[in-house]
Amino acid sequence: MDVVKIGAELLLRKAKAIDTIDERSVKMIEAMIETLHAEGGVGLAGPQVGVSERLFVIDIDGKTPRAFINPSILETSEDTVLIEEGCLSIPGVWAEVRRPRTVRVQAWNERGRPFTIEADGLLARVIQHEYDHLEGILFIDRISPVKRERLLVKYQKQRAKH
Ligand code: NI
């Protein structure tokens, strides 16, 4: 699957809930995990592959991929932490972003089973980043306008070279 890059309207749109988890969802998740591995990322959301639906896949260590369908963030910690983030839709730029340290999320897996997990560390971070994609929010929307502008200029310059 091709990864949609910043500038596409799709990335700014709120994704739609998935009505039924079926063979189509399983195929889509398999293709998304394959893309995630090929791109060397840790998370990938539906809108990033041109599918405006509420699902994302995460694989922190490259061997335990996990799908989150129709996720809800139930709770986030009050304490926050600064962690550097990047995004396959904005290749080549990274920035430190402040977000809650832990998160409790409920979702369905590719077999249609609901699950709830309490995450911290990198997993908590990636869940929040990917969830944002379903809301049409990019990580650069969570940093100061000055820094965002600087990153976008850097991104444009890099693209111009290729
Ligand atoms: Ni991203």
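Let me start with a definition: contact means heavy atoms within 4.5 Å. Hello everyone, and thanks for coming. What we have here is a predicted model, where local features need pLDDT of at least 70, side-chain atom pairs count only at pLDDT 80 or more, and totals for chains, interfaces and linings use all residues. Residues are numbered from 1 along each chain as its sequence is written, and side-chain values use heavy atoms, with hydrogens and water left out.

Let's begin with helix α1, residues 23–39. Helices here are DSSP runs of H or I with at least four residues, strands are runs of E with at least two, and both are numbered from the N terminus. Which residues of α1 are buried? They are Ser 25, Met 28, Ile 29, Met 32, Ile 33, Thr 35 and Leu 36. Buried means under 20% relative accessible area, exposed over 50%, and partly exposed in between, using a 1.4 Å probe and protein chains only. Those buried residues pack against β1 (43–45), β2 (55–58) and β3. On the face turned away from the buried side, α1 carries the exposed residues Lys 27, Glu 30, Glu 34 and Ala 38. After the helix comes Gly 40, with a positive phi near 70°.

Now to the nickel ion. Its protein donors are Cys 87 (SG), His 129 (NE2) and His 133 (NE2), 2.1 to 2.2 Å from it. Donors are N, O and S atoms within 2.8 Å of the metal (3.2 Å for Na, K and Ca); water is not among the atoms, so sites may look incomplete. Both Cys 87 and His 129 are buried.

Key: Expected span 1.5 Å × (residues − 1).
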